[in-house]
Amino acid sequence: MSDTQMWGAGLRSDGPVKPAWCPGCGNYAIVKAVDRALDEAGLDRRRVVLVSGIGQAAKLPHYVSRPVNFFNGLHGRAVPAATGIKLANHTLEVIITSGDGDMYGEGGNHLLHAIRRNIGLKCFVHNNQIYGLTKGQASPTSDAGTHTKLQAYGVAAQPLNPLALAIAEGASFVARSFTGLPDHLPQTMVAALQQPGFALLDILQPCITFNKLNTFKWYQDRVRPLGDDYDPTDRLRALETALVWGDEIPVGVLYRADRPSYESKLPVLASGPLAAP
C-alpha cells in the first residue's frame with residue numbers, strides 16, 4: 001500500500017486517522033476534492049504546503065493523502081503564515097484551507113492585503129455561514145435574520161460578500177463552488193491552482209449541526225453553474241454576478257485577471273528561493 005493510499009484511508013472510521021468532523025459534514029467532500037485536484041493539477045505533493053488557522057476547516061490538512069506538508073497557525077492568521085512560506089520559497093505550491101469565520105472574520109484584514117499584493121497563494125474557504133468549532137455563533141457570512149444560540153433575535157448585520165469584495169479589490173482569480181458538485185469543485189480548484197497570483201475559492205458547504213437554515217438542500221436548490229457564454233474577464237459583469245444571492249447562487253470562475261504575482265516582482269527572488277528548495 002502506498003503512502004497516499006494509507007493516508008487517504010484515514011477518512012474512514014477504521015483508518016489510521018479518525019476524522020473529527022460530524023458525519024455528513026461538507027468538509028469530507030472538500031478534502032476529497034483537494035486530493036483529486038492535487039492529482040489532476042499534476043503537482044508533486046512533496047512540494048505542496050497546506051496552511052490553516054483554527055476551526056473545523058483548519059483540520060483538513062490532517063486528512064489529505066500523504067505525502068504533503070502542512071502548517072497550523074493561529075486563529076485568523078493562515079494568510080500571514082502562508083505568505084511567509086511562499087516568499088521564503090516561491091517554488092512551493094502554498095494552499096490555504098480555512099473557514100468563513102477564520103478567513104473572513106479574524107483573518108479579514110490579512111485577506112485584503114494578500115489580494116492587494118497578489119501573492120501566489122490559493123485560498124480555499126469552507127463557507128458554511130456559521131462558526132462550527134465554537135458551537136454555532138453567527139459568522140461574517142451568516143444571512144441577516146439567522147437565529148443562533150447567541151443571536152437569539154436573529155443576526156442584525158448584513159452578511160459579508162467575499163466574492164464582491166475580492167473583485168472590487170482587484171483579485172486575479174475569484175470563484176465559488178459547492179460541495180454538492182463532485183466534479184465542479186475539484187475542477188474549480190485546479191483552475192485556481194493554475195492561476196499565477198492570488199486565488200480565492202469560496203466553497204459553499206452545509207454545517208449539519210449548527211446551521212439549520214443553509215442546509216445541503218438549501219444550497220442544492222439554489223446553486224447554478226455559470227454557462228459557457230460567461231466571460232470571467234469582464235470585471236463589471238463579475239461584480240454583478242457576485243452580488244446575486246438568494247433564490248439563485250451562481251457558481252464557477254466569476255473573475256480572472258492577468259496580473260503578475262507579488263513574488264515575481266521581487267528582484268531578490270529572481271535567482272531562486274531564499275530557503276533551500
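User: What volume does the largest pocket have?

Analyst: The largest pocket of this predicted model has a volume of about 390 Å³, the space filled by probe spheres set on grid points joined across faces, edges and corners. Local features need pLDDT of at least 70 and side-chain atom pairs 80 or more, while totals for chains, interfaces and linings use all residues. Residues are numbered from 1 along each chain, and side-chain values use heavy atoms, without hydrogens and water.

User: What makes a residue part of its lining, and which lie nearest the centre?

Analyst: A lining residue has an atom within 4 Å of a pocket point; on a 1 Å grid, a pocket is an open set for a 1.4 Å probe, with protein on both sides within 12 Å along at least five of seven lines. There are 27 such residues, and Gln56, Asn128, Tyr131, Gly132 and Leu133 lie nearest the centre. Helix H5 (residues 100–106) gives the most, three residues. The lining has 12 nonpolar, 12 polar and three charged residues.

User: Which residues make the contact?

Analyst: With heavy atoms within 4.5 Å as contact, H2 gives Ala29, Ile30, Ala33, Val34, Arg36, Ala37 and Glu40, and H8 gives Leu185, Pro186, Gln187, Met189, Val190 and Leu193. By class, 10 are nonpolar, one is polar and two are charged.

User: How do you know that the bond from Arg66 to Pro67 is cis or trans?

Analyst: Its omega is near 0°, and the bond is cis. Pro67 sits in the loop between helix H3 (60–63) and strand S2 (69–72).

Note on methods
Helices (H or I, at least four residues) and strands (E, at least two) are DSSP runs, numbered from the N terminus. Ala, Val, Leu, Ile, Met, Phe, Trp, Tyr, Cys and Pro count as nonpolar, Asp, Glu, Lys and Arg as charged, and the others, Gly among them, as polar.
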